[in-house]
Amino acid sequence: MAARGEESGRIAQKRRTRKAIVAAAAELLAQGRTPSVTDVAEAADVSRRTVYMYFPTIEQLLIDAALLSMSRETVEAALDAVDDESDVERRVEVMTRAVQADFANTEQQGRTLLRLTVARALAEPS
């Protein structure tokens with residue numbers, strides 16, 4: 001019985017560690033930086049080795065971080081915007097406008113995501 005509790009505790013700890021790493025990278029991206037593994041490890045208060053255990057490449061980490069930032073902020077703004085709307089068509093319009101308005105807040109993350117996607121495609125052999 002104790003082994004099962006320990007196992008679920010490890011899973012929860014791994015989830016928290018991964019979340020802290022991605023959140024640290026997202027915060028650095030939001031500051032306009034393109035962080036290194038060392039920067040992220042320091043911000044998340046973990047070792048470089050730990051970062052690499054979860055993300056074999058910095059590109060994978062930064063893509064996850066950019067997506068996290070964009071999703072969280074955009075979805076929260078959109079949901080807040082439609083709270084008082086009951087008409088479905090109006091809800092869609094309000095949510096679309098909220099998502100578009102939030103683009104400025106996530107521009108840096110979006111640019112990083114695009115840059116990493118293009119750089120990875122260019123680096124892959126044809």
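Predicted model: local features only at pLDDT ≥ 70, side-chain atom pairs only at ≥ 80, totals over all residues.
User: In which helix does V75 sit?

Analyst: V75 belongs to helix 4. Residues are numbered from 1 along each chain as its sequence is written, and side-chain values use heavy atoms, leaving out hydrogens and water.

User: Is V75 buried, partly exposed or exposed?

Analyst: Buried means under 20% relative accessible area, exposed means over 50%, and partly exposed lies in between (1.4 Å probe, protein chains only). V75 counts as partly exposed because its relative accessibility is 46%. With L79 and M95, V75 forms a nonpolar surface patch of about 240 Å² accessible area together. Areas come from the Shrake-Rupley method with a 1.4 Å probe, and for residues only the protein chains shown count as cover.

User: Which residues of the largest nonpolar core touch the most other members?

Analyst: In soluble globular proteins, nonpolar side chains tend to be buried together. A nonpolar core is a set of buried Ala, Val, Leu, Ile, Met, Phe, Trp, Tyr and Cys residues joined through side-chain atoms within 4.5 Å. Here the largest one has 18 residues, and I21, A25, V40, V51, L61 and A65 touch the most other members. Helix 1 (2-30), helix 2 (37-44) and helix 4 (58-82) each give two or more residues to this core. Helix 1 supplies the largest share, seven residues.

User: What is V51 in contact with, beyond its neighbours within four places in sequence?

Analyst: Contact means heavy atoms within 4.5 Å. By that rule V51 meets I21, V37, A41, V46 and L61, leaving aside those neighbours.

User: Which residues of helix 2 are buried?

Analyst: The buried ones in helix 2 are V37, V40, A41 and A44. They lie on the same side of helix 2 because they cover an arc of only 100 degrees around the axis; the arc is that of the directions from the helix axis to the C-beta atoms.

User: What is the phi of D45?

Analyst: Most residues other than glycine have a negative phi. D45 has a positive phi of about 60 degrees although it is not a glycine. D45 lies in the loop between helix 2 and helix 3 (48-54), and counts as exposed because its relative accessibility is 71%.

User: How many salt bridges does the structure hold?

Analyst: A salt bridge is a side-chain nitrogen of Lys or Arg within 4 Å of a carboxyl oxygen of Asp or Glu. The structure holds three. In one, R18 pairs with D64, the closest N and O atoms being 2.5 Å apart. This pair links distant parts of the chain, with R18 in helix 1 and D64 in helix 4, 46 residues apart. In another, E93 pairs with R90 at 3.3 Å between the closest N and O atoms. E93 and R90 are separated by about one helical turn because they are three residues apart in helix 5 (residues 88-101). R33 also pairs with D39, where the closest N and O atoms are 3.5 Å apart.

Notes
Helix = DSSP H or I, 4+ residues; strand = E, 2+ residues; numbered from the N terminus. Patch = residues over 30% accessible without salt bridge, like charges linked within 9 Å, V, L, I, M, F, W, Y side chains within 5 Å.
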